[in-house]
Amino acid sequence: MKCEGLNSKNTIAHFKGNDPQSGQYYYSQTTTNPYAQNNPDTFNYSNNSIPPSKNNANDESRLEKNPVGSLAGLGILQAISMGLQKLSQVCAYKLSAGKEFAESATVKRIAENMKSKNGLDTAIEYITPENMNRIGAKYGVNGLLEQVAKGQNAFFMDSRKLAVAPEAKPSLILHELGHAINAKKPFTKFLQNTRRFAPYAPTAILFATQLMPNKKDGKPSFVKKYGGLLGFAAFLPTIIEEALASFRGIKAAKGAIGKSPALKTLTKNYGFALATYIISGIALGVSTKMAQKEREAGIIL
């Protein structure tokens, strides 16, 4: 199963599940690696299945050639990753502390209008600690609703035609219905599906770096030079789709309450949520570049 959603508690968007085609995105305070699945403290996209380079005079590691410069570069990247984690924590705190833009009844009415207007066949549920087991059993999502019940998460699951949000923070449901609308349109559905491939991007980039030699003049290959940007690009479709989901939710709210301070409150809350995804994409790029540099330095094979 696959979920798209917001999380109002923690920090960096992660992929949670046994494989990249199942699970949901959530936030973790343990790492800036947006896809660490089994070891949340790991900050390294490399793996030992990548073939080492051939041994020759030209393959002397950068660490051997310039140990101070190599270690300094890795240290800078690590500092950046730590800074991104702190920044994401701030954004996540702002989201969780944000007040609701309207009364619960108003939000639920907007959600129903949004569902009807867009012809959605998505069930809407507002989760509490008291009803989470019943709703989990009803839709076969047991184990996914605990954070929602605590007011820390919300998600849309296309395979179950289900959108859930906390009863304590119902405004998140408008974003989830934005995902439901996206799932009906070919291009935005494609954007949703790309998130299942993003976890493989750093490994693919490392393979490409090994396969593409430097230019004849000694300058780095395109993949080697822009590995960090390519890592970020792998997450960019997810960022775009998340932004579109929020835009649809804000548009629905605007149709009901007009331009008002309340609408600004919703926009601000969704802005903090989107920021965590943007930071996750940047963190993915930093992680990719760091893995490249570790390979060049001979720290990893």
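**Figure 1. Helices α8 and α11 cross at roughly 35°, with their axes coming within 10 Å of each other.** This is a predicted model, in which local features need pLDDT of at least 70 and side-chain atom pairs count only at pLDDT 80 or more, while totals for chains, interfaces and linings use all residues. Residues are numbered from 1 along each chain as its sequence is written, and side-chain values use heavy atoms, with hydrogens and water left out. Axes here are lines fitted to C-alpha atoms, for helices over the stretch in contact, and angles run from 0 to 180 degrees between N-to-C directions. Helices (H or I, at least four residues) and strands (E, at least two) are DSSP runs, numbered from the N terminus. On the α8 side, Pro202, Ile205, Leu206, Thr209 and Gln210 make the contact, and α11 brings Leu284, Thr288, Ala291, Gln292 and Arg295 (contact means heavy atoms within 4.5 Å). Sorted by class, that's 5 nonpolar, 4 polar and 1 charged (Ala, Val, Leu, Ile, Met, Phe, Trp, Tyr, Cys and Pro count as nonpolar, Asp, Glu, Lys and Arg as charged, and the others, Gly among them, as polar).

**Figure 2. The buried residues of α8 pack against α9 (222–225), α10 and α11.** Helix α8 covers residues 201–211, and its buried residues are Ala201, Pro202, Thr203, Ile205, Leu206 and Thr209 (buried means under 20% relative accessible area, exposed over 50%, partly exposed in between, with a 1.4 Å probe and protein chains only). Over in α11 (residues 261–297) sits glutamate 296, also buried, at a relative accessible area of 17%. Glutamate 296 and glutamine 210 are 86 residues apart in sequence, yet their C-alpha atoms are 9.8 Å apart in space.

**Figure 3. Helix α6 (residues 172–182) crosses α10 (residues 227–257) at roughly 115°, the axes coming within 7 Å.** This crossing is right-handed. From α6, the residues involved are Leu174, His175, Gly178, His179, Ile181 and Asn182; they meet Glu241, Glu242, Leu244, Ala245, Ser246, Arg248, Gly249 and Ala253 of α10. The contact of α6 with α10 has 5 nonpolar, 6 polar and 3 charged residues.

**Figure 4. Threonine 194 touches Pro237 and Thr238, leaving aside residues up to four places away in sequence.** Threonine 194 belongs to helix α7 (residues 186–194). With a relative accessible area of 13%, threonine 194 counts as buried.

**Figure 5. Phenylalanine 222 and tyrosine 226 form a tilted aromatic pair, 5.0 Å centre to centre with 45° between the planes.** The structure holds 1 such pair (rings of Phe, Tyr and Trp, the last by its six-membered ring, pair if their centres lie within 6.5 Å; planes under 30 degrees apart count as stacked, over 60 as edge-to-face and the rest as tilted). Tyrosine 226 is partly exposed, at 30% relative accessible area.

**Figure 6. Lysine 108 lies over the face of tyrosine 126, 4.7 Å from the ring centre.** For a charge to sit over a ring, NZ of Lys or CZ of Arg must be within 6 Å of the ring centre and within 35 degrees of the ring normal.

**Figure 7. Lysine 161 sits in the loop between β5 (153–157) and β6 (162–166).** Its phi is near 50°, a positive value in a residue other than glycine. Lysine 161 is partly exposed, with a relative accessible area of 33%.

Terms used: A crossing is left-handed if the near helix is turned anticlockwise from the far one by less than a right angle, and right-handed if clockwise.
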